[in-house]
Every structure is written in structure tokens, then in C-alpha cells.
Amino acid sequence: MSIVTVQLGQCGNQIGFEVFDALYTDSHCPQGLCSKRENEAYQASCKERFFSEEENGVPVARAVLVDMEPKVTNQTLSKAAQSGRWKYGQHSCFCQKQGSGNNWAYGYSVHGPRHEESIMNLIQKEVEKCDSLSGFFIIMSMAGGTGSGLGAFVTQNLQDQYSNSLKMNQIIWPYGTGEVIVQNYNSILTLSHLYRSSDALLVHENDALHKICAKLMNIKQISFSDINQVLAHQLGSVFQPAYSVEGSCHYRRNPLGDLMENLVPHPEFKMLGIRNIPQMSENSLAYSTFTWAGLLKHLRQMLISNSKMEEGIDWQVRPPLSGLPTLGKASLNRGLHFNMSIANLVILRGKDVHSADLGGFKDSALYTSWLEPINAFNVWKTQRAFSKYEKSAALVSNSQFLLKPLDMIVGKAWNMFASKAYIHQYTKFGIEEEDFLDSFTLLEQVVASYCNL
């Protein structure tokens, strides 16, 4: 089944390019550490999901590019075409001459209705090329105007027009220090609207990605391209084909459906995060060896201590003992933060994958009381190695990992709103104070729900 990717705004288009490039590069990597037949099945499955075939044999990304300024989309299209390996479709791009000025209201209330028909037509054409549609993967940021405002508008339209298809939004969480003065407003409006129209929000925090580039990849001058490549690697490690049943000889056919089924058991809880291990520079990789036991021990501790990478994990954090009341579950400010999970999915790729012991992830103390570990934890595996790693693991989790950043963004936005700062920039495009209050109410409810797990 195929996924149609919608790339929105500068951030969405730059990330989209890196994602397709990572998927293509990995599926054509000669060192897959598996049989030729296995490799061919893997390539075919990746292609069915993300690329369609052109007459001249160059794969075409199943994507629609949308931006309100032409510069980034033009760069993205030519970068893909110049790679000579894959490209975007000739008529897959919609752009205008005037941006959204980092104003969510302008993207949502002006650009959205004005260009709705053109954008939805492009998406429909892409959908018609799929034999079978798994759903939509929408890549956007929260801080600006086009990705966030227009992104929320387009997602709502997809929900109306393709109500039976799944929608997953890949959201870039802004730097805590801030890039845009109204980013907290834009963020709460985006999140509250997506919570109503999307099936799952896959969140990446810029701060965490930046740290991975600095500490694990040893990059001195970090660019957005570096950050986007780390992000694309993480997404590839989740979306590339894998088996869900021991001994199965067919790759999972419905990647979005399978992710939702395993990770979103209730519509109140739809925030997902990804952790990967190992992540390192080519130079370090040459001197490293890994065991599944070591990788999974670190990955489990990353989960329960809410660490985004294997460096600097807090090994003091322990799950509460089963059967005892969990003090501090309902508090954001207790000393040792144990990260409670609703559901987890581990994806293992590489050598001796069937020898990996995942018992540590089946501990009922990791999960909320209303879901048994047998339902809350799933694993997918393939002996086909991913990217340059002989063994690698990805963890997609629905847990309390975003509580602190979400609480902070809502708090900062509320402080600005209470003093009526910049509100006039939104009301002049039809977003009223009432809309802000609705957003605060919805997100405070989300914070409370995750808090009380």
C-alpha cells in the first residue's frame, strides 16, 4: 500500500527531500547483509510505499510540495532531479509568490481557502496513481505560518475528503529559545487543530535533533541540512519495510495502519516520538561493535528516563515496582522523572536480529494500567540492515515524553495571551480570542490526560 506525502512550507519541503533521499539510498544500498532475494523484496516494498515508476525508469516520489514562496520548492525540485536517482513529479508542486509572514492565521484563514482547490486537486492526482492508499504523511513545522497554518487547514480538508484514510502529521517542534516571537501562538493553534483532524502526531524536537548532531555525529557547524538528515534517518528506520511475525515471508503492507494500530489505542493520546540507537558519524562507526543486548538495554533506559539519545542517559530512573502506588505519576515536578508509556513499538534491523531478547520492554511497570503489555508492546524485525549500521533499533513510543515541552509552550502562549500581546495580528485574519481559548482548553486537557497515566 502506498503513502502520499504532503510537504508543507520551507521546513516540510526541506525535510521531505531528505526523507525520500534517505529511503532511496537505503533501499539501493549494496551492504544490506541479506540474500539477494530478500533485498529485492525490500526494494520492491519500499518503492510501492513511497515511489511510483516513470517510463524512463527514474522513480518518482509520491509527494505533493506546497509552499507560499517559490525559493525552497524550486531548490527541492532541482536537488532531487540533479541526484539522477529519483525525482519529484512534473506537476506535483504548488507555490505562490507571497509567504505567510510567520502568521498562523494568515496561512489558515487566507492562503488555505484561497488555494484549497488547487492544492486538493494536486493531492487527488497523486492519490489516483496509487493502487491502494495507506494514507497521508504530512510534514510541517509548528513555529511559522505556512507549514503550521496552511498545514492545519490542509489536514482538516484531508480529514473531510478522505475520512477513511489515515493521516499522520510529522511535526517539527521549535527551539525552546525561539526562532519566531509568536511561535508559541502558532504552535498551540497548530497542535489543537491537528488534534481534532489527524490520527497521530509524530513529533521531533529541534533541540533534541541539534544535540544528536553535536554530541553523537560530532558536527561542529550544525546546519538545518544536518538536522534534517538525522530526522530523515529516524523516519526511514521506522517506515522502511519490516516483518511483524517471526518467520513471516511478507513485509508489512500497510505501514501507517500498522503504526496506528500498535501505538494509538485511544484518540486522547496521539503524540508519538522516535528514538534510535546507534547514531554516530562514519568515523566512529569504523571502531564500534554492537550487541543486541547492549543496544536494547540502552534503548529501554532511554525510554524510561525520557532521554532522546544514548549519551547522557540517567541510569538512576527506574520504573515503579509493580503493585505499588506510583507516587509522582500525576506530577510534572518530582525528582526522578519516570516516563510512563501507553504503547511502544520496537523495530530491529540487521544481523542476528532473531537472537534479540526484548523481555525488558514487556515489563508491565512500563505501561499504564489500562493496557496489558501484550497489547501495549509490539516488535517488527528484518535481517536487512538499515543505512550503514550492521545492527540498529528504532523505538516509536506513545508516552509522557512531550509533557514538559507541551506544558511549557502552553504556559508561554498563555502569558502572552493574558497580556493581549500580538493578538491583533491574528484577529485581523479572522482568528478570534475564542479560538485561542478553545486551543488552550484542548491542550490543557491533553496535558492532564498524559499526566494522569
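A disulfide here is a pair of cysteine sulfur atoms within 2.5 Å, and a search of the whole structure finds 0 of them. Another cysteine, Cys 451, counts as buried, with a relative accessibility of 10%. The term buried means under 20% relative accessible area, exposed means over 50%, and partly exposed lies in between (1.4 Å probe, protein chains only).

A word on what you are looking at: this is a predicted model, in which local features need pLDDT of at least 70 and side-chain atom pairs count only at pLDDT 80 or more, while totals for chains, interfaces and linings use all residues. Residues are numbered from 1 along each chain as its sequence is written, and side-chain values use heavy atoms, with hydrogens and water left out.

Now step back to the whole fold. The protein holds 15 helices and 13 strands; these are DSSP runs numbered from the N terminus, with helices being H or I of at least four residues and strands E of at least two. Its C-alpha trace spans about 60 × 60 × 45 Å along the principal axes. How does the radius of gyration fit with a compact globule? For 453 residues such a globule would come out near 22 Å, and the protein has 21 Å, which agrees. That radius is taken over C-alpha atoms, and the globule rule is 2.2 Å times the number of residues to the power 0.38. Of the 453 residues, 58% are buried.

Next, the open space. The second largest pocket has a volume of about 590 Å³. Among the 21 residues that line this pocket, Met 217, Gln 229, His 233, Ser 387 and Lys 388 are the closest to its centre. On a 1 Å grid over the protein atoms alone, a pocket is an open set of points with protein on both sides within 12 Å along at least five of seven lines, whereas a cavity is a set where a 1.4 Å probe fits but cannot get out; lining residues have an atom within 4 Å of a point. Grid points are joined across faces, edges and corners, and a volume is the space filled by probe spheres set on the points.

Helices α1 (9-27) and α8 (224-239) each supply at least two lining residues. By class, the lining has 9 nonpolar, 6 polar and 6 charged residues, where Ala, Val, Leu, Ile, Met, Phe, Trp, Tyr, Cys and Pro count as nonpolar, Asp, Glu, Lys and Arg as charged, and the others, Gly among them, as polar.

Helix α8 also holds Ser 237, which counts as buried at 2% relative accessibility. Ser 237 and Asn 276 are 39 residues apart in sequence, with 8.1 Å between their C-alpha atoms.

The largest cavity has a volume of about 100 Å³, and its lining includes His 204, Glu 205, Arg 275 and Lys 308. Strand β9 (200-205), helix α7 (206-216) and strand β10 each supply at least two residues there, and the lining divides into 6 nonpolar, 3 polar and 3 charged residues.

The second largest cavity holds about 40 Å³. Its lining has 7 nonpolar residues, 2 polar and no charged. Helix α15 (433-451) gives the largest share, 3 residues, and α13 also supplies at least two.

Finally, look at the backbone. Most residues other than glycine have a negative phi, and most peptide bonds are trans. The bond from Ile 277 to Pro 278 is cis, with omega near -5°, and Pro 278 lies in the loop between β10 (271-277) and α10 (282-285). Asp 352 has a positive phi, near 55°; this residue lies in the loop between β11 (341-350) and α12 (373-376) and is partly exposed at 43% relative accessibility. Tyr 422 has a positive phi too, near 60°. The loop between α13 (403-418) and α14 (423-427) contains Tyr 422, which is partly exposed with a relative accessible area of 32%.
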